[in-house]
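This briefing describes a protein chain together with an RNA strand. Please view the sequence and the structure before turning to the points that follow.

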Amino acid sequence: MNFIENLKWRGMLHDMMPGTEEQLNKEMTTAYVGIDPTADSLHIGHLVGVMMLKHLQEAGHRPIVLIGGATGMIGDPSGKSLERNLLDEEAIKHNMACIKKQLEKFLDFDSDAPNAAIMVNNYDWMKDFSFLSFIRDIGKHITVNYMMSKDSVKKRIAGEDREGMSFTEFSYQLVQGTDFLHLYQAYDCKLQMGGSDQWGNITTGSELIKRKLGKEAFALTCPLITKADGGKFGKTESGNVWLDPEKTSPYKFYQFWLNCSDTDAEKYIKIFTLLDPERITDLITQHNEAPHLRLLQKELAKELTIRVHSQEDYDAAVEASTLLFGNSTTDNLKHVPFEMLLSVFEGVPQASVSAEILKQGIGIVDFLSETTGFFPSKGEVRRSLKENAISINKQKVDENYTITSNDVIDDKLILAQKGKKNYYLVLIG
RNA sequence: GGGAAGAUACCAGAGCGGUCAAAUGGGGCAGACUGUAAAUCUGUUGGCUAAGCCUACGGUGGUUCGAAUCCACCUCUUCCCA
């Protein structure tokens, strides 16, 4: 299966320019995907582009990751555009270094192979470009008519709301096109890939290369990733799902994939894992026979957690998940190492209570409201208790329960819980 | 500029001067069921020292034994006509 067939099978091919497949079959081809360095970590939305590059490299071609140090300052009008913050050089360098580390888990940058991945920053060549030389060397080759015909532009000036767009945003496609031109000249890069919303910007690049150099350069896009329920992919209530374990703990990362709906999981496992088609087809069949086992989700979560984080992080996440969601008891809880509990419950509300108070014992209502501040009012605690929603160390309790030293696990903590998913951690100190 | 209607809890939206912490729907939270899903059913959704009390129906005053409800003024919103 070649690169294009592979993408097709995985549902990652939205559109490509005629001749793209021929070019890829002809020779080792260099292709790039652009990433905005807006943060010092990638999030899973970036992963689609990264996986395209991964498959590309697997197929023997050479991937380039272009960090949009310059373009990130402008703001792409495709889709909605908020004013971008201008990032200074230092911040971009820092972000680049962090992002590269994450990319290394997917792409091979260091080997001596001819198709080792390359990372570049368009700020390096854009920063010295003077406005005059830009409009003379680049602007001369593209007509405004051509630029106006792009969807991203048309929508803004002729669409329902007619927001209008600044000249800066209008120029965006030219700047991105300049990147393509530069990479073509510097690295013989003949293909640009991206999400389907990038089609217009990418083709401006090939157009520029054709007019200026008389050479052919190609475009390939993948569909935008969606969720079956129409929500935005990669977002949770708490925001983006990051690859950086500091921003999104491995446990939460694992949980994100595990919680995918069935239809999404089937789609995502093709896009985000390298499992071969036979294996995936097999998994899908099994999953349909016994959907409650959620094989797809588990496999998906496993593949990604191990790749992005590590085997140990994966093991810990699985263990934590069974602890939290399985029918675990107080005894199970006591066997888990303290450090691990802390990492599992990273991000849940915490409070510390002195051992003195517990020696005397304290009523559950006061404990959960006044003492720890987990609940804003006592009325709410009482209500939850009536609903049988409160557990201490995995054991349901009622209104008359008194917290004492006996409830402390490992001399260090008490685990309180409202319902199934809301945890509160009390540290003793 | 002239006229009309309105402002109630997270949102929408009821509310004879006492029995209104305020109907109903949505949303939220929890329980059951389940696959850590969806759907469904049930409970709950101002605070407290809890059969009691306190604070709340745009703001400020007033009438009254008693006001979300009546009156005056103010602020804001919406609609209609110029």
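A residue counts as buried under 20% relative accessible area, as exposed over 50%, and as partly exposed in between (1.4 Å probe, protein chains only). The model is predicted, so that local features need pLDDT of at least 70 and side-chain atom pairs count only at pLDDT 80 or more, whereas totals for chains, interfaces and linings use all residues. Residues are numbered from 1 along each chain as its sequence is written, chains are lettered from A and ligands numbered from 1 in the order in which they are written, and side-chain values use heavy atoms, with hydrogens and water left out.

**Overall architecture**

- Chain A contains 20 helices and 15 strands; helices (H or I, at least four residues) and strands (E, at least two) are DSSP runs, numbered from the N terminus.
- The C-alpha trace of chain A spans about 85 × 45 × 45 Å along its principal axes.
- Of the 429 residues of chain A, 49% are classed as buried.
- Contact means heavy atoms within 4.5 Å. Among contacts in chain A between residues at least 6 apart in sequence, 71% link residues at least 24 apart.

**The six-stranded sheet**

- An open sheet of mixed pairing is formed by six strands in the order β1-β6-β5-β2-β3-β4; two strands pair if DSSP finds at least two bridges between them.
- At the edges stand β1 (15-16) and β4 (118-121), each with a single partner strand, so one side of each has no neighbour in the sheet.
- Strands β3 and β4 pair in the parallel sense over four bridges, and M119 in β4 is the bridge partner of V65.
- Both faces of β4 are covered, with I118 and V120 buried on one side and M119 and N121 buried on the other.
- Strand β5 (residues 189-195) runs parallel to strand β6 (residues 218-222), and five bridges join the two. G194 has T221 in β6 as its bridge partner.
- Helix α9 (residues 167-187) lies across β2 (30-35), β3 (62-67), β4, β5 and β6, and runs at about 145° to β5. Axes are lines fitted to C-alpha atoms, for helices over the stretch in contact, and angles run from 0 to 180 degrees between N-to-C directions.

- Q102 is placed in helix α4 (residues 89-103) and is buried, with a relative accessible area of 13%.
- The side chain of Q102 makes a polar contact with the side chain of S41 (3.1 Å). A polar contact is a pair of N or O atoms within 3.5 Å; within protein, one must be able to donate a hydrogen and the other to accept it, and residues adjacent in sequence count only if both atoms are side-chain atoms.
- A polar atom of the Q102 side chain also lies 2.7 Å from the backbone nitrogen of L42.
- Not counting residues up to four places away in sequence, Q102 touches S41, L42, L243 and D244.
- E104 lies in the loop between α4 and β4 and is partly exposed at 37% relative accessibility.
- Neighbours within four places in sequence aside, E104 is in contact with F109 and D110.

- D188, in the loop between α9 and β5, is a residue other than glycine with a positive phi, near 60°. At 41% relative accessibility, D188 is partly exposed.
- R294 is not a glycine either, yet has a positive phi of about 55°. R294 sits in the loop between α13 (277-289) and α14 (295-308) and is partly exposed at 31% relative accessibility.

**Surroundings of RNA strand B**

- RNA strand B is surrounded by 24 residues, of which the closest are L258, R294, R383, K420 and N422. Sugar and phosphate make up 58% of the atoms of RNA strand B that come within 4 Å of the protein.
- A residue is near a molecule or strand if one of its heavy atoms lies within 4 Å of it. The residues of the surface near RNA strand B divide into four nonpolar, 10 polar and 10 charged; Ala, Val, Leu, Ile, Met, Phe, Trp, Tyr, Cys and Pro count as nonpolar, Asp, Glu, Lys and Arg as charged, and the others, Gly among them, as polar.
- At least two residues of this surface come from each of α11 (250-258), α15 (311-325) and α20 (378-386), and α20 supplies the largest share, four residues.
- An N or O atom in the side chain of D262 is 3.0 Å from a base nitrogen of RNA strand B.
- A phosphate oxygen of RNA strand B lies 2.8 Å from a backbone N or O atom of K378.
- An N or O atom in the side chain of R383 is 3.4 Å from a sugar or linking oxygen of RNA strand B.
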